[in-house]
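Please keep the sequence and the coordinates in view while working.

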Amino acid sequence: MISYKDAGVDIDAGNSFVEGIKPFVKSTLTPNVIGGIGSFSGAFRLPSGYKKPTLLAATDGVGTKLRLAIDSGKLDSVGIDLVAMCVNDLICNFATPMFFLDYYATGKLDINSAKEVVSGIAKGCVQAKCALIGGETAEMPSMYSSGDFDLAGFAVGIAEEDEIDRTKFVNEGDILIALPSSGLHSNGFSLARAVIKKEKLNLGDEFEGRTLLETLLEPTRIYVDEFLRLKDSINAMAHITGGGIVENLPRVLPNGLGAKVQRSAIKTPKIFDLIAKSVEQSEMDRTFNCGVGMVLVVPKDKVDYVLANSDGYIIGQIIKGSGVEML
């Protein structure tokens with residue numbers, strides 16, 4: 001007779017993993033969470049105080065940044081990336097993140113590695129002020145090579161229905177304020193890895209006071225705190241992910257309006273300069289955030305307040321026209 005374990009799936013390991021991550025999950029719980037981990041689904045009480053409450057959802061992964069993390073064995077921060085890529089999208093529609101779920105798929109469950117990943121997810125949830133209310137761990141030996149795994153994340157937030165479409169709040173003359181990224185975040189790693197291979201760079205080499213690997217794996221910055229503090233002073237937000245400023249900023253621009261961005265004003269971390277030695281500027285613009293993780297569209301009379309209450313800086317302005325002009 002053949003058991004499930006003989007076929008490559010260890011139910012006991014899965015149960016042990018669930019027990020092991022309970023402290024991480026508990027650290028994320030908010031007053032609106034109903035019950036705990038271990039039921040068939042997660043439950044969350046809708047917050048009060050909304051006139052027309054609307055639920056918004058976002059899903060994402062970590063991309064090939066995960067390849068670097070797996071190969072290096074540094075798994076404690078990719079969970080932060082996973083949360084960040086989802087909640088940073090939610091806040092661009094003025095949704096306050098409420099809860100998060102994850103999907104972890106692997107060939108063979110390594111409990112210690114999986115716990116490292118979930119500890120990062122929990123840290124990200126704490127930063128995003130949302131609860132980790134559930135997830136799925138799938139052991140699929142025929143689908144993944146030994147040691148490999150993949151991640152997906154799902155975040156749900158709440159917003160006033162009339163505040164979701166930010167294009168109607170954007171006006172000519174609004175000022176563009178950049179919030180710095182922490183590095184590459186979770187986009188463009190296939191190109192970055194190709195550059196590293198082409199240039200024969202060593203991931204263990206010193207770079208800006210730490211190793212190149214550590215620089216590349218710096219977790220994605222989460223902007224929920226800035227959103228909650230500044231939402232009454234900004235007209236729109238654009239999460240700068242794959243596509244860069246040139247493709248993400250237009251998503252908040254109404255018909256008839258465009259954006260003028262001063263490239264010289266952007267504070268670009270050295271890691272992008274390193275990559276740019278092998279990549280055309282136009283390709284950099286549409287692949288990486290190049291140092292800008294979030295763009296805030298701010299009315300002129302609120303600019304001083306936003307600058308004084310964030311680490312943001314001015315990079316441009318809303319103008320008549322269409323698209324983004326990088327000057």
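**Exercise 1.** Determine which residues of the largest nonpolar core touch the most other members.

*Solution.* A nonpolar core is here a set of buried Ala, Val, Leu, Ile, Met, Phe, Trp, Tyr and Cys residues joined through side-chain atoms within 4.5 Å, where buried means under 20% relative accessible area, exposed over 50% and partly exposed in between, with a 1.4 Å probe and protein chains only. The largest such core has 73 residues, of which Phe-100, Leu-151, Leu-184, Met-237, Ile-271, Ile-275 and Leu-296 touch the most other members. Helix α3, residues 78–90, gives the most to this core, with 8 residues; helices (H or I, at least four residues) and strands (E, at least two) are DSSP runs, numbered from the N terminus. Apart from this core lies another, of 22 residues, among them Ala-178, Ile-245, Val-252 and Leu-257. In soluble globular proteins, nonpolar side chains tend to be buried together.

The model is a predicted one, in which local features need pLDDT of at least 70 and side-chain atom pairs count only at pLDDT 80 or more, whereas totals for chains, interfaces and linings use all residues. Residues are numbered from 1 along each chain as its sequence is written, and side-chain values use heavy atoms, with hydrogens and water left out.

**Exercise 2.** Which residues does Ile-271 touch, not counting residues up to four places away in sequence?

*Solution.* Taking contact to mean heavy atoms within 4.5 Å, and with residues up to four places away in sequence not counted, Ile-271 touches Leu-184, Phe-207, Leu-212, Thr-215 and Leu-216.

**Exercise 3.** State how many helices and strands the protein has, and what share of its residues count as buried.

*Solution.* The protein has 11 helices and 14 strands. Of its 327 residues, 50% count as buried.
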